[in-house]
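Student: I would like to work through this model with you, one question at a time. Could we begin with a charged residue and then move on to the sheet and the cores?

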Amino acid sequence: MSYHLHLRAVPPADVRPDGAWLEAFMWASWADHHNECTAGIADSVEKDFAGLNQLYTGTPDGPEDAADPSGLPIYGGELVFHGDGPPFVILRPDRVREAALFLRTADFDALWTASGTALQDCGDPALDRENYLSHHHGLATFYRTAARSGNAVVKAFWF
């Protein structure tokens, strides 16, 4: 079974905090995911998003302080529920800028030293580190682009 965190940059005026709209929008985005990633307006993390949250926040559940920018890249934002499915999350442009700054200034090596042993799951520590470093670079690039464009970010958790 595969599960993904799907992130999509969206002009803030286009975002509707309505579960039905978010579901339709994000499904259409997912159908064009490759092209949107190439355009820099989408990104995704397969299965490792909980580990990335732990890498950034230091705990599996994230920071206790909602103002802490370390929790923004993965789970941060406004939850919007729709039906029986997982929630969608909207991260407004000001918080997108905070997430981008956090990712730009985060010391990956220090984060990995603090949490990396808890995240090693493939049996090869070097491969695990490279996997998380690749995710980190992808998220940093995505959030930087979204922040520079003044966009919000919508997140979907596909199972």
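**Charge, sheet and core in a predicted model**

Tutor: Asp-48 has a relative accessibility of 5% and therefore counts as buried, a value to be read with the reminder that the model is predicted.

Student: With which residue does Asp-48 form a salt bridge?

Tutor: The closest N and O atoms of the pair are 3.1 Å apart, and the cut-off for a salt bridge is 4 Å.

Student: In which helix do Glu-98 and Arg-95 both lie, and is Arg-95 buried or partly exposed?

Tutor: Glu-98 and Arg-95 form a salt bridge in which the closest N and O atoms are 3.6 Å apart. The two residues are 3 residues apart, about one turn of the helix, and both lie in helix α4. Buried would require under 20% relative accessible area, and Arg-95, at 22%, is therefore partly exposed.

Student: Which are the edge strands of the open sheet of 5 strands?

Tutor: The order of the strands in this open sheet is β2-β1-β5-β4-β3, with antiparallel pairing. A strand at the edge pairs on one side only, and that holds for β2 (42-46) and β3 (78-80). On average, neighbouring strands are turned by 20° against each other, direction ignored. The edge strands are thus β2 and β3.

Student: Which residue in β5 is the bridge partner of Ile-90?

Tutor: Strands β4 and β5 run antiparallel and are joined by 4 bridges. The bridge partner of Ile-90 in β5 is Val-154.

Student: At about what angle to β1 does helix α1 run?

Tutor: Helix α1, residues 19-31, lies across β1, β2, β3, β4 and β5. Its direction relative to β1 is given by an angle of about 100°.

Student: Which element gives the most residues to the largest nonpolar core?

Tutor: The largest nonpolar core has 32 residues, and those with the most contacts inside it include Leu-52, Leu-55 and Tyr-143. Among the elements that give two or more residues to this core are β1 (4-10), α3, α5 (108-119) and α6 (125-148). Of the elements, the one that gives the most, with 8 residues, is α6.

Student: Leaving aside neighbours within four places in sequence, which residues are in contact with Gln-54, and is Gln-54 buried or exposed?

Tutor: Gln-54 is found in helix α3, residues 49-57. Its relative accessible area is 17%, and the cut-off for buried is under 20%, so Gln-54 is buried. Leu-55 touches Ser-115 and Leu-119, among others. Leaving aside its neighbours within four places in sequence, Gln-54 is in contact with Thr-59, Pro-60, Ser-115, Ala-118 and Leu-119.

How values were computed: Residues numbered from 1 in each chain as written. Predicted model: local features only at pLDDT ≥ 70, side-chain atom pairs only at ≥ 80, totals over all residues. Heavy atoms only, no water. Buried < 20%, exposed > 50% of the residue type's maximum accessible area, 1.4 Å probe, protein only. Contact = heavy atoms within 4.5 Å. Core = buried A, V, L, I, M, F, W, Y, C linked by side-chain atoms within 4.5 Å. Salt bridge = Lys/Arg side-chain N within 4 Å of Asp/Glu carboxyl O. Pairing = 2+ DSSP bridges. Axes fitted to C-alpha atoms, helices over the stretch in contact; angles between N-to-C directions.
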